Amino acid sequence: MKLTPNRSLQNHPLAGWSLAGPAIFLITLFLIVPFILAFTLSFTNQRLVSPNPTEWVGTRNFEQLLGVGTLVLEPEKDETGALIRDDKGELSYPRVREFTRNNAEYPQLSGKREWLSWNWGDSRVYVLASDVVFMKALGNTFLFVLFVAPIQAGIALLLAVLINQKLKGINIFRAIYFMPVVVSIVVVSLLWRFIYSGQSGLLNNMLGFLSFGAFKPVDWLGNPATALWSILAMSVWQGVGFHMVIWLSGLQTIPVSLYEAADIEGATPWQKFRYVTWPGLRNTAVLILIVITMQAFSLFSQIDVMTGGGPVDSTQTMVFQAVERGYGQQNIAGGSAISVILFLIVLTISMAQRYLTRERNR
Amino acid sequence: MKKLAVLAGILAMSTAPAWAQTELSLWYHGAGNPTEGEILNTVISDFNASQSDWAVKLEQFPQGAYNDTIVAAAVAGNLPDIIDVDGPNMPNWAWAGYMAPLELSEGTLDGFLPGTIGTWQDKVYSVGLWDAAVAMFARKSVLEENGIRIPTLEQPWTGEEFNAALETLKASGKFEYALDLGMNDRGEWYPYAYSPFLQSFGGDIIDRTTYTTAEGALNGDAAIAFGEWWQSLFTNGYAPGTSQDPADRETGFIDGKYALQWNGNWNALKALEAFGDDLLFLPAPDFGNGPKIGAASWQFGVSATSEHKDGASAFIEFATQDKYVAAFSNGLGLIPATASAAELTENYKPGGPLAVFYDLSKQQGTLRPVTPGYVVEALEFIKLAADIANGADVADTLDAAVDAIDADIQRNNNYGF
């Protein structure tokens with residue numbers, strides 16, 4: 001009997017499923033099931049360690065995380081009604097804690113703390129949050145993504161263009177730029193802790209040497225003003241090689257004939273990049289932007305190893321808080337709620353990016 | 001088929017002594033420390049040889065991952081028979097139903113240091129073969145040169161005296177910092193080493209009369225006074241902060257970068273080798289409510305899911321013999337749990353170079369709050385101590401910690417109090 005094409009294994013209706021099966025199974029086991037669990041648990045008071053039964057608490061975890069309020073305070077006045085100013089001429093205000101702790105007149109502010117504040121005329125406006133640490137984590141995470149995504153993608157593209165040349169020994173440079181990606185991020189973080197060390201760190205010593213001693217040593221990870229930026233710089237350096245390789249693969253799909261045509265037309269190198277290379281990298285760019293954004297949102301290991309969220313919450317991030325709460329504080333429900341919020345944020349941003357970078361000319 | 005059966009029979013007979021003994025699993029936090037493992041293995045092989053009912057089998061974990069391993073195993077229902085547990089964590093595990101009370105014979109724990117016996121709701125759940133203590137490491141020559149009084153157990157430094165000493169040492173200009181507190185180690189070291197300062201000021205991590213709130217204890221006047229003093233250590237430049245290089249913590253005092261070091265007895269032998277007779281182990285300063293140091297170290301306990309609690313307890317009782325207590329002390333520099341074991345040791349026998357730690361532990365040792373909520377309270381203390389050191393507002397930081405601790409206690413129905 002002749003074997004018809006329908007009967008071959010490749011065309012069997014189950015062939016597709018059996019090929020996709022392992023991936024579907026693993027994705028279900030490690031992504032979909034945990035997410036459904038996290039989503040469910042975020043509406044309970046589930047603990048990691050507890051003999052108490054789990055109870056439904058509705059949206060309490062989310063209210064606790066996202067609750068905000070505002071408070072406007074008038075400056076303090078003396079008996080004559082004049083404003084009190086300190087030595088520097090600054091106005092003084094009552095302490096926020098007097099309104100948010102055990103104050104029956106402001107029940108809606110109970111338990112909230114100062115998140116942001118600014119002056120409005122003589123008054124001072126406070127934005128209060130139920131969970132300031134989470135709010136700072138949220139802010140830091142967005143700041144990190146906002147800077148890492150363009151910087152890392154940009155440097156990676158620059159490197160990719162540089163190493164996409166037919167020179168002798170170019171593979172050595174490719175290896176050098178790619179090397180940090182291969183080393184575990186935990187190891188990299190430990191090493192960079194030494195580099196950033198405020199007392200005798202490599203970076204301080206090098207800057208001091210280059211500036212003939214004029215540079216004053218900075219405690220890079222111990223100073224709230226520099227800690228997050230230090231981690232950002234290190235993260236960009238560590239991840240840039242990976243994206244460089246993706247750009248490189250994109251570059252190599254661009255037909256050489258296009259460049260030859262451009263040369264005949266007498267295009268400058270910039271024109272070649274602008275009108276040949278960049279349009280050819282369109283799909284690669286979309287991929288890289290989405291991958292970097294998602295990776296940046298999951299910032300965790302560097303924080304855990306290098307700063308633990310400090311100094312004074314300047315390097316808190318959402319994933320770090322999720323882990324800290326879930327395992328450290330044994331509050332699985334709280335950690336799950338953060339994960340769900342993070343998931344929704346990343347999903348929204350990815351979909352927005354997808355929409356903005358869609359193919360329009362069809 | 002027949003051959004196979006014969007073979008199985010021979011194999012079974014040849015391993016007969018082993019299957020007569022029921023296997024007990026033991027999980028331990030000491031991976032990475034070969035001396036510790038060696039001593040523990042001696043205890044285990046002695047125990048296995050001493051009777052024919054039980055055979056203990058050891059599995060080691062790195063300390064950093066140990067607690068998570070136990071919790072994960074408990075959630076998955078895979079706990080071993082015998083576990084070791086850090087003293088202050090025991091109430092949490094006992095409350096959660098991971099641990100069972102020990103079945104020890106009468107009098108086993110007579111003469112044990114108070115910090116080595118883990119009691120929760122009037123039952124003994126864990127026992128330590130050693131305790132740990134912290135002291136102010138100092139050099140006699142340095143103190144004398146700078147005209148600083150050498151404090152004694154009977155007459156420790158007062159708070160003012162201590163601050164004045166730090167100022168003098170800083171002004172001498174010979175040291176990078178007057179005092180090394182070990183701020184790089186943001187783990188259990190923080191509440192263990194620093195919360196006794198808070199207690200000496202008159203505050204506490206939690207109100208120990210009820211164990212249901214931290215209000216007043218952690219944000220009262222005494223706690224604020226502690227917080228302001230704590231912050232001044234860093235704003236005045238007396239001590240390196242949270243970004244301290246771990247290598248400096250290891251060797252800074254020995255290299256002469258730091259004049260004083262707040263450190264544990266487990267690091268005493270190294271310093272002793274470097275300075276010999278010049279080295280002093282000074283008691284904690286008294287900030288008004290007596291000098292205090294932390295107590296309770298790692299202890300052994302039995303898991304609640306063990307099918308052989310009698311065997312597990314028998315092993316723990318076996319391990320409490322003086323010779324093993326002394327062996328751990330000699331090998332690791334730990335404080336032996338009993339006076340009779342101390343006499344068998346090099347360092348802790350009366351007149352020994354580390355004997356002062358035994359007295360410190362006995363006189364000043366203060367348990368961290370004995371409550372299942374300690375796990376979260378410790379994290380909050382770590383955060384507030386680090387934040388205040390890094391310049392956060394003292395009163396606000398303490399209030400925030402109180403709110404977080406109280407919220408956690410409420411979420412857990414007062415932890416059974």
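Here are legends for a handful of views of this predicted model.

**View 1. Chain A as a whole.**
Start with the parts list: chain A has 14 helices and three strands. Its C-alpha trace spans about 100 × 70 × 45 Å along the principal axes. A compact globule of 362 residues would have a radius of gyration near 21 Å, but for chain A the value is 27 Å.

**View 2. Chain B as a whole.**
Now for the other chain: chain B has 17 helices and 15 strands. With a radius of gyration of 23 Å, close to the 22 Å that the globule rule gives for 417 residues, chain B is as compact as a globular protein of that length. Along the principal axes, the C-alpha trace of chain B spans about 85 × 50 × 40 Å.

**View 3. Two helices crossing in chain A.**
Here we look at helix 1 (residues 13-41) and helix 14 (residues 332-356) of chain A, whose axes come within 8 Å and cross at roughly 115°. The crossing of these two chain A helices is left-handed. So, who is touching whom? On the helix 1 side, the contact is made by A:Phe35, A:Ala38, A:Phe39 and A:Leu41, and helix 14 brings A:Ile332, A:Ala333, A:Ser336, A:Val340 and A:Phe343. Sort the residues of this contact by class and you get eight nonpolar, one polar and no charged.

**View 4. The second largest pocket.**
How much space lies in the second largest pocket? About 440 Å³. The second largest pocket is lined by 13 residues, and the closest to its centre are A:Asn164, A:Gln165, A:Lys166, A:Leu251 and A:Tyr259. Two chain A helices, helix 9 (256-265) and helix 10 (269-280), each supply at least two residues of this lining. By class, the lining has seven nonpolar, four polar and two charged residues.

**View 5. A proline in a chain B loop.**
Where is B:Pro291? You'll find B:Pro291 in the loop between strand 11 (279-282) and strand 12 (293-294) of chain B. Which residues is B:Pro291 in contact with, leaving aside its neighbours within four places in sequence? They are B:Pro156, B:Ser200, B:Ala284, B:Pro285, B:Asp286 and B:Gln364.

Technical notes:
Residues are numbered from 1 along each chain as its sequence is written. Chains are lettered from A and ligands numbered from 1 in the order in which they are written. This is a predicted model: local features need pLDDT of at least 70, side-chain atom pairs count only at pLDDT 80 or more; totals for chains, interfaces and linings use all residues. Side-chain values use heavy atoms; hydrogens and water are left out. Axes are lines fitted to C-alpha atoms, for helices over the stretch in contact, and angles run from 0 to 180 degrees between N-to-C directions. Helices (H or I, at least four residues) and strands (E, at least two) are DSSP runs, numbered from the N terminus. A crossing is left-handed if the near helix is turned anticlockwise from the far one by less than a right angle, and right-handed if clockwise. Contact means heavy atoms within 4.5 Å. Ala, Val, Leu, Ile, Met, Phe, Trp, Tyr, Cys and Pro count as nonpolar, Asp, Glu, Lys and Arg as charged, and the others, Gly among them, as polar. On a 1 Å grid over the protein atoms alone, a cavity is a set of points where a 1.4 Å probe fits but cannot get out, and a pocket is an open set with protein on both sides within 12 Å along at least five of seven lines; lining residues have an atom within 4 Å of a point. Grid points are joined across faces, edges and corners, and a volume is the space filled by probe spheres set on the points. The radius of gyration is taken over C-alpha atoms; the globule rule is 2.2 Å times the number of residues to the power 0.38.
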